[in-house]
Each structure stands twice: as structure tokens, then as C-alpha cells.
Amino acid sequence: MGVGKMGLFKIKNLTYFYPEKEKPSLDDINLEVEEGEFVFLIGPSGCGKSSLLRAMGGLLPDYYGGKIGGEVCYSETSLAQWDKNHLAKEIGMIFQDPEKQIIMTNVKQEIAFGLENINVTYEEMRRRIAEVLALFGLSAFKDESTFKLSGGLKQKVVLASILAMQPKVLLLDEPTSQLDPLAAQEFLNFVQRLNQEWGLTVIRVEQRIDRCF
């Protein structure tokens, strides 16, 4: 690990309007996030937390349309200049509903899907898939249908498929809202370990402050 921490995200005067909305969802946001930090974005429903996360993941305005002003820089380069495939290797994003993120019908295929998109070699892919299956205790489920898994296991599969791409940043949009308290606690403990042991930068949206602590 380096001696000094590096500024990973720099957000300058960020303003964003969803299509056909007169009120901005983000209004003149300025924020810096350092490498290895664990940051919570907290606030009531509709205050723009998810929009800020989408902006940091490079999804605004490309995937949602609308108008954007100001700048989001990642590793000292504006997100507008990043190649989207390359950005997927750097920044992983997990939404509230794992159902909407799972594409393939089988656990192993789901983890392989992201790796194929970033052109990982077959040998490296096999190694990474085995690694994350073991890490998440999913080895016994590798040939299972993704549709038959519980909510907690689905969220684990989504996290495993993202971590297989070895990102530097994890953006979490209320990732435990669909999980029972035990599965939620297990998931969060795991994310905390990734932050502490791997130095993964984590930015997490949460409505309920008690969940954060």
C-alpha cells in the first residue's frame, strides 16, 4: 500500500435533471472521496442519493437521459472521457434489487458474464470464478439456477460477479433492503471486510441511519 491516500473521486458543481423534470435531482454537488474510504450517503427518500451514485458510476446521463452540468472525475480523469468497458473494471455497482442485475440463468455463467465483457482470458476466468465462489461460500451452488436462489444468495451472486472483475470501487444502493436482518448483517460484514482487508473503496446509499452503525 502507498503511504499517502489518493483522491479517487472529485465531484465539482454537479447538477443533474432527469428527462422532463423542472427540478434538479442533484443541485451543485461538490464532493471528494479518497482511496480506501467507506462513505455513507444518507438522507430521506427522493433527496438524490441514488442519482449521485449513478453519476459516480458513469450512468448519468448516458443510461437515463436528462441534462448534466459540472463534472465527475475518477482517478483525475472526467468520467465523460473514460471508456465504459474500462470503467466497468474499476467501478462495480450493486442496486437494491438483485433480480434486476442477474442476467444469466446459472450461477457460474452469471459470474463469467462480466469477465467475458472485459475480455479476461479463459484460464484467468476459471481461476477468478473458483476464487469468488469459494470466497462467498457459493461453490455448492455453482450449477444452480439463479432464479431458484433466496434473496440473500442472489445478492451474494451479484457481489461475486462484480468482485470477480476486481474493481477498485464498490457503489452500493441500499443493497440490503430486500434481505432479512441476518442476511443483511452477513452481507454488510463482508463488505466491511473487503474495505478493511482489500482496501476496496465503498460508497453506500442508505436511508436508515441505524443500518449504518
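**View 1. Burial and overall build of the protein chain.** Of the 213 residues in the protein chain, 45% are buried (buried means under 20% relative accessible area, exposed over 50%, and partly exposed in between, with a 1.4 Å probe and protein chains only). Please keep in mind that this is a predicted model, in which local features need pLDDT of at least 70, side-chain atom pairs count only at pLDDT 80 or more, and totals for chains, interfaces and linings use all residues. Residues are numbered from 1 along each chain as its sequence is written, and side-chain values use heavy atoms, with hydrogens and water left out. You can trace seven helices and eight strands in the protein chain (DSSP runs numbered from the N terminus: helices are H or I of at least four residues, strands E of at least two). The C-alpha trace spans about 50 × 40 × 35 Å along its principal axes.

View 2. A pocket is an open set of points on a 1 Å grid over the protein atoms alone, where a 1.4 Å probe fits, with protein on both sides within 12 Å along at least five of seven lines; lining residues have an atom within 4 Å of a point. The lining has 25 residues, and A88, M93, Q101, I162 and M165 lie nearest the centre. Two or more lining residues come from each of α2 (84-90), β6 (91-94), α3 (107-117) and α5 (151-163). By type, the lining holds 14 nonpolar, eight polar and three charged residues.

**View 3. R128 in helix α4.** R128 sits in helix α4, residues 122-135. This arginine is buried, with a relative accessible area of 12%. Beyond its neighbours within four places in sequence, R128 is in contact with L115, I118, V120, A164, M165 and Q166 (contact means heavy atoms within 4.5 Å).

**View 4. R208 between β8 and α7.** R208 lies in the loop between β8 (201-206) and α7 (209-212). R208 is partly exposed, at a relative accessible area of 42%. Its C-alpha is 8.4 Å from that of P44, although R208 and P44 are 164 residues apart in sequence.

Definitions and conventions: Nonpolar A, V, L, I, M, F, W, Y, C, P; charged D, E, K, R; others polar.
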